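Please keep the sequence and the structure in view as you read.

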Amino acid sequence: MRDVEVNQQIYVGLLNRAQELRIMKASTVGNVRIIDDAVVYPAPVQPKKGLVVALSALFGLMASVGYVLLQAALHRGIQSPDQLEEQGIPVYTAVPLSEQQQKLARVVTMVRRRKRPKREPIPLLAVSDPTDLAVEALRSLRTSLHFAMMEASNKVLMIAGPSPEVGKSFITANLAAVLAQAGQKVIVIDADMRKGHLHRYFENQNGAGLSELLSGQLEQDQIVHGTKVENLHFIPRGQIPPNPSELLMHPRFNALMERLSDAYDLVLVDTPPILAVTDAAIIGQQAGTSL
C-alpha cells in the first residue's frame, strides 16, 4: 500500500509539471514579424557579358600602358658598346665626354651672353687640347676608318645622328682636324642647311656656302674656305633655303661629291638629325660610308 501511494504521488506530480509546461509554451509570444512579402523575379540573375568584356579590356589596356611606361622609365639607353655589338652593329670607338670641351662651351656661352655677338666661335678641341681623351679616341677612330673605308665606293663619309645635340658637329670638326694633322687632305661640308653651326668651329661667318652652290648662284671655288689647320678646308651651309631637301636631290650635289672625292683624301659631311628630316637619307645615297 505504501508503494502504491508513493507511485501515485509521483505520477500526479509529473502530470502537474507537464500541464505547467504546456501552459508556459502556449503563453509564449514570438518576436518574428513579417515586414514585406518576398518578391520573386520572373528571370534569374546572370552576369552582363558586354560590361565584363569592356571592363576587362579597359583594365588590360591600362595595365599594358603602365608596364610600357615603367619599362621606359627604367630603360637608360645604351650603357656600353657591348650592347651595340650584340645587335650586330660595328663599334669603331667610344668617345668619352670631354671636360675641357664643356669648359670651352661654358666660356663661349658666357661671352655670347655678355657681348651678344652674332656667332661666337667654338674652339677646336683637337687644336686647343690635343692630349684630351676625346681627341685620343678620335685618333683611334681615324685608324679604324682607314681600314673600314678601304672597300667603300667613294671617299665621302657621312656623320649622322638621330636627334639634335648628340655631338655630330663636334665629332665632324675634331675628326677632320685629327685627319688633317696626320697629313691627309680633308674637306668638311656642313650639309645641315636648316640649323647648321659647323662654321663656328672654323671661325667662319657663314657667308657663301652649300645652298648657294646647289641653287646655281655660285661655283665650287667660291664656297670652299681655308682654315687655320693645314690641309683642312671647309664648306659652310650658306644662307638658309626654303627647300633644303629638294636642293640636296639636285644633280649638282652628286657632281660636287664626285669632284671633291677626286680632289681630297676624305670628304666629311655633317647632316641634320635623321629622325627630324629626310636630308640625311638623301645624303646617305651619295656617301660611301656612314658613321
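Which residues of the largest nonpolar core touch the most other members?

## About the model

This is a predicted model, in which local features need pLDDT of at least 70 and side-chain atom pairs count only at pLDDT 80 or more, while totals for chains, interfaces and linings use all residues. Residues are numbered from 1 along each chain as its sequence is written, and side-chain values use heavy atoms, leaving out hydrogens and water.

To take up the opening question, Leu-157, Leu-175, Val-188, Tyr-201, Phe-202, Leu-232 and Leu-268 touch the most other members of the largest core, which holds 32 residues. A nonpolar core here is a set of buried Ala, Val, Leu, Ile, Met, Phe, Trp, Tyr and Cys residues joined through side-chain atoms within 4.5 Å; buried means under 20% relative accessible area, exposed over 50%, and partly exposed in between (1.4 Å probe, protein chains only). At least two residues of this core come from each of H5 (125–128), H6 (133–148), E1, H7 (168–181), E2 (186–190), E4 and E5. H7 gives the most, with nine residues. Helices (H or I, at least four residues) and strands (E, at least two) are DSSP runs numbered from the N terminus.

A second, separate core has 23 residues, including Ile-189, Leu-256, Met-257 and Val-269.

## Strand E1 and its partners

Strand E1 (residues 156–159) is covered on both faces: Val-156 and Met-158 are buried on one side, Leu-157 and Ile-159 on the other. Strands pair if DSSP finds at least two bridges between them. E1 runs parallel to E5 (residues 266–270) over four bridges, and two bridges join E1 in parallel to E6 (residues 289–290). Met-158 stands opposite Val-269 in E5 and opposite Ser-290 in E6.

## A helix in the open

Helix H2 (residues 49–74) spans 37 Å from its first C-alpha to its last, close to the 38 Å expected for its 26 residues (1.5 Å times one less than the number of residues). The number of buried residues in H2 is zero, so this helix lies largely in the open.

## Local details

Asn-231, in the loop between E3 (225–226) and E4 (232–235), has a positive phi near 70° although it is not glycine. Asn-231 is partly exposed, at 30% relative accessible area.
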